Amino acid sequence: MPKPSVIPLSVLDLSPVSANQSSGDALRSTVALSVAAEAAGYSRYWLAEHHLNDGVAGSAPHVLAGLVAAATKTIRVGTAATLLGNYRPLQIAESIGTLASVFPDRLDLGFGRSGPPKSPSEPAPGQPAPAADQSAERVVDGLVVPAARPIFGAVLPRKFRLQSELLGRFPGDTDNFENDVQDIIGFFTGEYRTKHGEEVTATPALGQSPQFWIHGSTAGPSARLAGKLGLPFGANYHVAPATVLDSIAEYRAHFKPSETLQEPHVIVSADVLVAPDEFSARRIGRGYAQWVHGIRSGQGAIPYPSPDDAAEFTLDAEAAELIKDRLDTRFVGDPGQVTKSLRTLQRATGAQELLITTIAHDPADRENSYQLLAEAWGL
């Protein structure tokens, strides 16, 4: 038997839609995977929020969290992350409060800032430059930290313009992230007050106690706010590997103990694919480059191609450069290879938990990947 690890593993699920699969198929696969993940020993099952993507069905994480919680018994269920600009704070409190009332002591609410991705190499106005040089790839304690690069060009992709319009977000809107986070927590604790000082009872949120998280990709407002409020922080290696170490350092530098958390607590995400042998893993993972290129090019996630169809896809030099950091930081291989890479990630980041996201064309391959990793890790 493998020696049990002290580092918990959790699942981040986007509910990917595969080629020749419906969104309903993808959502049913999510629920089935959550049951398997619970049986395998994973600690949390988190749902992402993405909109207007043909290849991702996870656009309503609060609804989907209810389906997952109803199908499972013990695993913690939540969002990573709820994008605050897409809702009013009361809506989030009522939705998660409803779930927390039915599934007490199992709900996690992750807060994320909404809006189109920005260049990871560009500091926010008035903020210092990153602590480390991000212009070149580096290796830190064995972990590949690629060079930062702009994700999109100067023109905002049409998908993000439409998304902002349909969700009621417009250029120039005030960033209310910190106020929204505090208001939502206040609805649960009973400390919320209107601008006129009136008390508000947010039923059924009041008195419920989901675990609150803040997720971020850079050494920016999210990392600093997580530290300021003494909340656990989710750091994003699988999408923004160039800035993961800086975001964690920023969080820890600003951390203040709270009633719920005395020391900094970090979960770090990783894109993983495990198969019985490396050859099989790389064959199953063929569609990843094409899928990521759709996202990075602004088109959005495409239905995940089959290995045979992906074999016909080639990238020109410019397209390959656009997704190089994602390919270089995905952990693909047999259980031993991937476990070794994940231990390097944990050591380099000092993470207390790791968050695993896995995408494959066949849901059975995805479920098998999580099972093989759980066994190798010692869950």
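Student: Which residues does Thr79 touch, not counting residues up to four places away in sequence?

Tutor: Thr79 touches Trp46, Leu47, Pro61, His62, Asp108, Leu109, Gly110 and His215. Contact here means heavy atoms within 4.5 Å.

Student: What should I know about the model and the numbering?

Tutor: This is a predicted model, where local features need pLDDT of at least 70, side-chain atom pairs count only at pLDDT 80 or more, and totals for chains, interfaces and linings use all residues. Residues are numbered from 1 along each chain as its sequence is written, and side-chain values use heavy atoms, with hydrogens and water left out.

Student: Back to Thr79. Where is Thr79 placed?

Tutor: In strand E3, residues 76–83. Helices (H or I, at least four residues) and strands (E, at least two) are DSSP runs, numbered from the N terminus.

Student: Is Thr79 buried or exposed?

Tutor: Thr79 counts as buried because its relative accessibility is 1%. The cut-offs are under 20% relative accessible area for buried, over 50% for exposed, and partly exposed in between (1.4 Å probe, protein chains only).

Student: What about the peptide bond from Ala80 to Ala81?

Tutor: That bond is cis, with omega near 10°. Ala81 lies in strand E3, which also holds Thr79.

Student: And the bond from Thr203 to Pro204, cis or trans?

Tutor: Cis, with omega near 5°. Pro204 lies in the loop between helix H5 (177–189) and strand E7 (211–216).

Student: Why flag those bonds?

Tutor: Most residues other than glycine have a negative phi, and most peptide bonds are trans.

Student: On phi, then: what is the phi of Leu52?

Tutor: Positive, about 60°, although Leu52 is not a glycine. Leu52 is found in the loop between strand E2 (44–47) and helix H2 (61–71). With a relative accessible area of 45%, Leu52 is partly exposed.

Student: And what is the phi of Asp141?

Tutor: Asp141 has a positive phi of about 50°, and is not a glycine. Its loop runs between strand E5 (138–140) and strand E6 (143–145). Asp141 counts as partly exposed, at 44% relative accessibility.

Student: New topic: Thr30. Which element holds Thr30?

Tutor: Helix H1, residues 23–40. Thr30 is buried, with a relative accessible area of 0%.

Student: What does the side chain of Thr30 make a polar contact with?

Tutor: The side chain of Asp13, at 2.8 Å. A polar contact is a pair of N or O atoms within 3.5 Å; within protein, one must be able to donate a hydrogen and the other to accept it, and residues adjacent in sequence count only if both atoms are side-chain atoms.

Student: Which residues does Thr30 touch, not counting residues up to four places away in sequence?

Tutor: Asp13, Ser15, Tyr45, Leu47, Leu64, Val68 and Arg366.

Student: Where is Ala242 placed?

Tutor: In the loop between strand E8 (233–235) and helix H7 (244–254). Ala242 counts as buried, at 6% relative accessibility. Ala242 and Val145 are 97 residues apart in sequence and 5.2 Å apart in space, C-alpha to C-alpha.

Student: Now the whole chain. How many helices and strands does the chain have?

Tutor: 13 helices and 11 strands. Of the 379 residues, 52% count as buried. Residues 24 or more positions apart account for 76% of the contacts with a separation of 6 or more.

Student: What does the radius of gyration say?

Tutor: The chain has 20 Å, which agrees with a compact globule, because 379 residues would give a value near 21 Å. The radius is taken over C-alpha atoms, and the globule rule is 2.2 Å times the number of residues to the power 0.38. Along its principal axes the C-alpha trace spans about 60 × 45 × 40 Å.
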